[in-house]
Amino acid sequence: RQAVDIGCLRILSPEACTQTCEDLSYLSSCAASFLEAQSDVAASFGVARQMCAILDSVEQLLWECSRPHVARIGAAVSRTALLGLAVELADGTRLGQCPKGLSDEGLIAARVKWEELRLGERIVEVKGVGCAPPRRGAGGSRPPAQDDQSIAGSVVLCMSTGRQVEFGFKKEKCPPYSFKAEEGREIEEVIFEGKTCTGVRMAPFGVTWSQDKITEVKVSFMMAVDSVCSSLVRLGWRCSRKAGKYAYLQARRLGVTQPFMPDDVERDIRSADVKLPLHWDLSTLTAMKAQLRSEEISALQAFVNSTYGTRQDGTTMSDKSQVPSGLDLVWGLRLQNWDTWCSFVHRREGIRAELLDLPPREREPEPNEAGPGLPKTSALQPPLGVEPDAQTNGAWLFHGVAASRAHLVAEADFDVDRAGCEEGRCYGRGVYLSECCSAVDELATESANGLHCMLLCQVTLGSTLYDNAVLPDTVGLVGQCINGPYHSVLGDAARRSPRNHRDFVVYDKDQVYPELLLWYRRAYR
């Protein structure tokens with residue numbers, strides 16, 4: 001486990017990951033009855049958590065294999081030359097140069113045509129030909145204006161899969177150029193000067209496994225998940241309900257569709273006295289979703305605008321780079337999932353009772369130098385007029401969702417743990433939520449027809465544990481939430497680094513109700 005923590009699997013071959021998963025599967029199967037027979041259930045649960053942490057590291061590597069860095073490339077061309085080239089990264093940053101800038105209006109005016117990168121593709125080489133200096137015509141007339149704006153004759157982008165994408169036109173007697181990415185790096189920006197390419201900017205990537213090797217690791221990984229999570233969940237429920245809920249979340253996150261849940265837990269949820277929310281559309285209740293009206297989208301747009309913050313990476317806008325200036329909502333759905341709502345209300349009422357047993361000082365989120373511990377969204381007009389529950393420190397917070405998973409929102413067993421988006425790891429494996437929609441957008445690597453999506457959720461924070469350490473004590477923080485009096489963690493990395501944002505983390509999926517699915521377009525103004 002210590003070797004995994006310092007990143008040994010990252011520098012070893014994929015065969016090492018396969019062997020690690022196979023060993024874990026065997027070890028967990030053999031040790032299951034031994035661990036469950038121990039009188040110190042907490043110690044046995046700790047062993048299962050250690051095995052699960054190793055699987056988390058393997059899962060992170062598999063995620064990095066599929067996570068793109070460059071999302072698409074666009075070019076403006078004339079009849080004779082390349083006029084502009086733009087590279088759009090998965091986080092929304094645009095790099096390159098075009099005649100009228102990198103804003104949406106500028107790219108449309110330049111008639112830029114986009115080419116999407118395929119799954120797993122990376123730009124590994126750039127080649128093409130430059131442009132000869134424009135010659136004056138007869139009588140000293142100037143060449144066409146478009147030729148004056150050209151940056152090269154042509155450009156060919158070579159992908160890691162062998163595919164080539166070409167823009168512009170090859171010209172004879174023009175100087176060729178070629179730049180290759182260094183080993184372990186990919187090209188993210190092409191630099192033009194003097195009507196030719198003069199260099200590239202590269203970004204590192206950590207995992208370079210072939211598709212066959214990825215498949216092999218996935219097979220052994222899922223075998224280990226089934227074995228390890230079976231013990232983790234059973235031992236968690238034996239420790240306490242909070243530990244069981246935490247283990248249940250980990251199992252769902254790792255791909256277990258129906259983890260074990262004791263009958264008494266399910267019975268308590270079903271028997272809870274839960275009322276239908278007044279703002280639900282009862283005419284579409286059986287469909288479990290209702291499309292938002294235009295006036296509702298307009299009201300939510302104001303909420304999104306108020307929660308859009310500055311970029312974390314410090315990228316500034318210039319002639320050759322631009323980040324999104326906002327998010328424009330296109331359409332959305334209200335999710336009306338009765339089973340998920342019942343689980344949310346049942347847990348909220350449980351937290352309400354637990355808070356009444358705490359000293360008054362521990363019931364409120366801990367203050368900090370930057371202001372109160374409550375999310376910034378609490379000071380805004382609540383979405384669609386729905387006030388969060390103040391007594392349990394409820395809040396409206398954003399969470400990502402992969403575009404490929406958006407169709408699952410209408411399924412009965414949809415929960416935030418099936419959103420399929422990249423989560424943080426700094427404060428352990430929990431549900432990470434943000435008060436800034438821009439923070440969620442930066443991790444939205446998937447799109448559908450140019451649109452991304454995110455969830456706006458009702459969250460029960462309960463008693464919040466505040467942490468602003470540079471290197472958080474992950475084990476201690478998680479332990480105080482699943483075995484102690486706290487219900488959530490407020491990770492205030494923004495206090496140490498202004499480019500970061502605050503994370504709100506819960507370790508029980510039932511503390512989150514995904515209320516709204518919002519589809520949006522990144523705006524570059």
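Me: Phe398: buried or exposed?
Reply: Phe398 is buried, at a relative accessible area of 0%. Buried means under 20% relative accessible area, exposed over 50%, partly exposed in between (1.4 Å probe, protein chains only). This is a predicted model: local features need pLDDT of at least 70, side-chain atom pairs count only at pLDDT 80 or more, and totals for chains, interfaces and linings use all residues. Residues are numbered from 1 along each chain as its sequence is written, and side-chain values use heavy atoms, leaving out hydrogens and water.

Me: And Phe303?
Reply: Phe303 counts as buried, at 5% relative accessibility.

Me: How many aromatic pairs does the structure hold?
Reply: It holds 9 aromatic pairs. Rings of Phe, Tyr and Trp (its six-membered ring) pair if their centres lie within 6.5 Å; planes under 30 degrees apart are stacked, over 60 edge-to-face, the rest tilted.
Reply: Trp280 and Trp341 form a tilted one, 6.0 Å centre to centre with 55° between the planes.

Me: Where do Trp280 and Trp341 lie?
Reply: Trp280 lies in the loop between helix H9 (263–271) and strand S11 (289–291), and Trp341 in helix H11 (residues 338–356), so the pair ties together parts 61 residues apart in sequence. Helices (H or I, at least four residues) and strands (E, at least two) are DSSP runs, numbered from the N terminus.

Me: Back to Phe303 and Phe398. Why is the pair tilted?
Reply: Their ring centres are 5.9 Å apart and the planes are at 40°, so the pair is tilted.

Me: New topic. What sits over the ring of Trp114?
Reply: The charged end of Arg72, 3.9 Å from the ring centre. The rule: NZ of Lys or CZ of Arg within 6 Å of the ring centre and within 35 degrees of the ring normal.
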